[in-house]
Amino acid sequence: MNDVDRRDPRPQTISAAYGVATDAGFGAVAPPIYLSSTYEFAGYDQPRRYDYGRGGNPTRDLLGEALAKLEGGAGAVITASGMAALDLLVGRRRPGDLILAPHDCYGGTMRLLKARADRGHCSVRFVDQADEAAFGAALADVPALVLIETPSNPLMRVVDIEALAARARKAGAEVAVDNTFLSPAIQRPIALGADYVIHSTTKYLNGHSDVIGGAIVAADPAAVEELRQWANVVGSAGAPFDAWLTLRGLRSLFPRMERQQINAMAVANHLQRHPAVANVYYPGLASHPGHLIASRQQRGFGAMLSFELAGGVPAVRQFIDAVEFFTLAESLGGVESLVAHPATMTHADMGEEARAVAGISDSLLRLSVGLEAEQDLIAGLNKGLAACSA
Ligand code: PLP
């Protein structure tokens with residue numbers, strides 16, 4: 001390896017090996033975990049790099065550095081959940097600051113934004129960001145922050161980050177992108193003009209469905225510092241053990257994403273051909289309205305998809321009872337495949353009216369496609385589909 005490669009490793013190398021073999025104490029290859037809540041001062045008025053775990057922790061910082069490098073940001077703050085990461089950005093807004101969010105964002109994001117706005121902490125407006133005129137009209141209200149989620153949850157709508165970020169910046173707004181559905185292995189919003197990237201690390205970054213965590217990466221070092229201080233003020237830091245597990249999960253991010261999206265493509269193609277299925281929403285399909293934008297701004301199409309059953313709610317029940325290898329559960333991004341019914345699960349709190357506006361029907365099912373053998377996944381889906389078309 002030459003010096004340039006050593007100084008500027010590729011993303012796969014950062015993911016697999018950032019912080020490996022850096023332990024000065026014992027030469028441990030796997031970075032050690034620091035659980036201590038407090039740190040000894042070197043002497044009177046002589047704090048070391050770390051003094052108290054709410055404000056900083058070496059294990060958390062190692063994960064933050066790795067994620068910042070992968071996203072191309074100046075630094076990151078690791079939080080206790082994806083919602084805590086979002087709230088770091090939202091909570092430091094002032095009354096009157098307008099946040100522009102997608103009309104079909106993750107249900108928890110909508111709940112948080114509405115709750116903050118209801119209490120007068122900020123104002124919020126939900127808009128179809130793919131509708132150029134509607135987005136332009138909303139920008140005329142001079143938002144402080146534009147929040148983008150692409151692909152959207154659960155309908156996999158894709159918006160053009162570069163175009164939206166350029167328009168938002170011109171209007172004087174900061175831009176944040178929730179990159180949970182793809183991870184930096186597939187999409188890097190900062191290179192497309194975003195100021196912040198938000199993650200529920202619960203999902204692909206950890207990848208093993210055994211941690212709740214979040215991260216916010218900022219492009220500007222001053223913003224990183226401000227977020228770090230704000231995280232200390234409100235106490236939203238993630239636990240060291242969770243950071244350590246997430247760093248361990250991150251080691252296999254790239255091969256996991258590569259394999260899982262191959263499985264997802266096979267599943268999408270299969271569903272598209274099945275008579276029990278009315279619609280399939282996967283940006284990897286040429287028929288998907290966001291396919292061209294996704295091909296340009298993503299390095300793959302990810303492993304999330306959704307579909308509508310032709311038989312409505314009765315078919316949904318029959319499918320869920322009969323499907324195999326897809327566990328009925330919320331969340332996504334793990335090595336195991338999951339199926340969710342957004343209307344009664346992830347997006348239930350949104351309410352019927354907001355779901356109708358976002359186009360989330362009662363016949364919609366969302367799949368998080370895992371690492372299982374493609375043939376087993378197709379066979380498992382066929383069991384469900386056979387039951388509901390009977
Ligand atoms: N953003 C997206 C796109 C999500 O899907 C989720 C959770 O499902 C979150 C944020 C919230 O993350 P967490 O559950 O880690 O708080």
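Trainee: Leaving aside its neighbours within four places in sequence, which residues is serine 236 in contact with?

Mentor: This is a predicted model, in which local features need pLDDT of at least 70 and side-chain atom pairs count only at pLDDT 80 or more, while totals for chains, interfaces and linings use all residues. Residues are numbered from 1 along each chain as its sequence is written, and side-chain values use heavy atoms, with hydrogens and water left out. Contact means heavy atoms within 4.5 Å. With neighbours within four places in sequence set aside, serine 236 is in contact with Ile78, Thr79, Ala80, Ala84, Leu88 and Ala231.

Trainee: Is serine 236 buried or exposed?

Mentor: Serine 236 lies in the loop between helix H8 (221-234) and H9; helices (H or I, at least four residues) and strands (E, at least two) are DSSP runs, numbered from the N terminus. Buried means under 20% relative accessible area, exposed over 50%, and partly exposed in between (1.4 Å probe, protein chains only). At 10% relative accessibility, serine 236 therefore counts as buried.

Trainee: Which helices do the buried residues of H9 pack against?

Mentor: Helix H9 spans residues 240-250, and its buried residues are Pro240, Ala243, Leu245, Thr246, Leu247, Gly249 and Leu250. These buried residues pack against helix H2 (11-17), helix H10 (253-273) and H3.

Trainee: Why is H3 described as largely enclosed by the rest of the structure?

Mentor: Helix H3 (residues 58-71) reaches 20 Å from its first C-alpha to its last, close to the 20 Å expected at 1.5 Å a residue, where the expected span is 1.5 Å times one less than the number of residues. Its buried residues include Leu62, Leu63, Ala66, Leu67 and Leu70, and also Arg60, Asp61 and Glu71. H3 is largely enclosed because the buried residues number 12 of the 14.

Trainee: Which residue caps the N-terminal end of H3?

Mentor: Just after H3, glycine 72 takes a positive phi of about 75 degrees. At the N-terminal end, a side-chain oxygen lies 2.8 Å from the backbone nitrogen of threonine 59, and this oxygen belongs to the capping residue, asparagine 57.

Trainee: How much of the accessible area of the ligand does the protein cover?

Mentor: A backbone N or O atom of glycine 82 lies 2.9 Å from an oxygen atom of the ligand, and a polar backbone atom of methionine 83 is 2.9 Å from a ligand oxygen atom. A polar side-chain atom of aspartate 178 lies 2.6 Å from a nitrogen atom of the ligand. Accessible areas come from the Shrake-Rupley method with a 1.4 Å probe; for residues, only the protein chains shown count as cover. Of the 390 Å² that the ligand has on its own, the protein covers 91%.

Trainee: What is omega for the peptide bond from asparagine 153 to proline 154?

Mentor: Proline 154 lies in the loop between S4 and H7. Proline 151 is found in the loop between strand S4 (145-149) and helix H7 (161-170), and a cis peptide bond joins threonine 150 and proline 151, with omega about -5 degrees. The bond from asparagine 153 to proline 154 is cis, with omega near 10 degrees.

Trainee: With which side chain does the side chain of threonine 346 make a polar contact?

Mentor: Threonine 346 lies in the loop between strand S11 (338-340) and helix H13 (352-358) and is buried, with a relative accessible area of 11%. A polar contact is a pair of N or O atoms within 3.5 Å; within protein, one must be able to donate a hydrogen and the other to accept it, and residues adjacent in sequence count only if both atoms are side-chain atoms. At 2.8 Å, the partner is the side chain of histidine 347.

Trainee: Is aspartate 45 buried or exposed?

Mentor: Aspartate 45 is found in the loop between H2 and H3, and its phi is near 60 degrees, a positive value in a residue other than glycine. With a relative accessible area of 63%, aspartate 45 is exposed.
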